[in-house]
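Hello,

Here is the structure I promised to pass on to you. Have a look at it first, and then read on for what turned up.

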Amino acid sequence: MRFVDPAGRGLISSIHPYVRVYCGGVLLLAAALPDSPRRLVATGVIVALFAAASRIGWRVIVWGAIPVVSLVGGVGILSVISGMRMEEFRLQPVVMFAGKCYLAYLASASLAASTHYADALQAFDLLRVPTLFTSIAGSICRWFHLVFREASAANTARVLRGGDRKNRLAQAGDLARISASVMTWSFARAERVAAAMECRGFRGILVRLPGRPLRARDLIWLVAIFALLVGIWVVLQ
């Protein structure tokens, strides 16, 4: 998980990060609710605008279709194996299901591209989500970032030492050793972090950290998106 630099993010950087998180949550919920193609398409337009404002790359957009196609294909294979007949197949439910999954992915990817995970956790804190959940989630996100950075450094060292010139079996052995090294390093790092927390007086009591001030006018975007989605739901069938 990479750190997000809001600078250069255009319109999205002018929106309060907590409001971005709430807007992303509303869009995720909206992506799961449409029961007609027209509502799904209209919701998709709003999600696409959110993605465009977040300036996610085309690779991220295309990559999201791969797991959706794999999921739909797997469900189709299981249906055929279980004995479903071709005359029982209906295209619209399949398209609706795939569209909902992809819109949920696109909303999540847009939020991740424009908002740091620490801001997302503080936004949950503001809603009085249990502190244990936000603390554990923050530790997991931070751990993923550290492990990814360590694995990238180890793989770069492997490539610089000519690892790509080895045969496939030797490369698999190198990757296995890198994986073991990264796991060992992560355990050692966790022990050091725990010792550092104890030295600073941590005794298992979790507290809410002060976040960024949120003013009423910052919620304009959230109200606008919610009102637009409600309008779509009422008008379109």
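A disulfide is a pair of cysteine sulfur atoms within 2.5 Å. By that rule, a search of the whole structure, which is a predicted model, turns up zero disulfides. Take Cys141 as an example: the nearest cysteine sulfur belongs to Cys23 and lies 20 Å away. Because a pair has to be within 2.5 Å to count, Cys141 is in no disulfide.

Cys141 is buried, with a relative accessible area of 17%, whereas Cys199 is exposed, at 70%.

Next, the surface. There is a nonpolar patch with about 1,000 Å² of accessible area together, and its members include Leu132, Trp143, Phe187 and Leu206. Two elements each give two or more residues to this patch: α7 (131–160) and α8 (168–199). Which of them gives the largest share? That is α7, with five residues. Ile140, one of the patch residues, is found in helix α7 and is partly exposed, with a relative accessible area of 42%.

Finally, please look at helix α5, which covers residues 91–114. Its 24 residues reach 35 Å from the first C-alpha to the last, close to the 34 Å expected at 1.5 Å a residue. Among the buried residues of α5 are Met96, Gly99, Leu103, Leu106 and Ser110. And what covers the buried residues of α5? The cover includes α1 (17–32), α2 (37–54), α3 (58–63) and α4 (65–81).

Enjoy exploring it!

Best wishes

Terms used: Residues are numbered from 1 along each chain as its sequence is written. This is a predicted model: local features need pLDDT of at least 70, side-chain atom pairs count only at pLDDT 80 or more; totals for chains, interfaces and linings use all residues. Side-chain values use heavy atoms; hydrogens and water are left out. Patches are made of residues with over 30% relative accessible area and no salt bridge: like charges are joined within 9 Å, nonpolar side chains (Val, Leu, Ile, Met, Phe, Trp, Tyr) within 5 Å. Accessible areas come from the Shrake-Rupley method with a 1.4 Å probe; for residues, only the protein chains shown count as cover. A salt bridge is a side-chain nitrogen of Lys or Arg within 4 Å of a carboxyl oxygen of Asp or Glu. Helices (H or I, at least four residues) and strands (E, at least two) are DSSP runs, numbered from the N terminus. Buried means under 20% relative accessible area, exposed over 50%, partly exposed in between (1.4 Å probe, protein chains only). The expected span of a helix is 1.5 Å times one less than its number of residues. Contact means heavy atoms within 4.5 Å.
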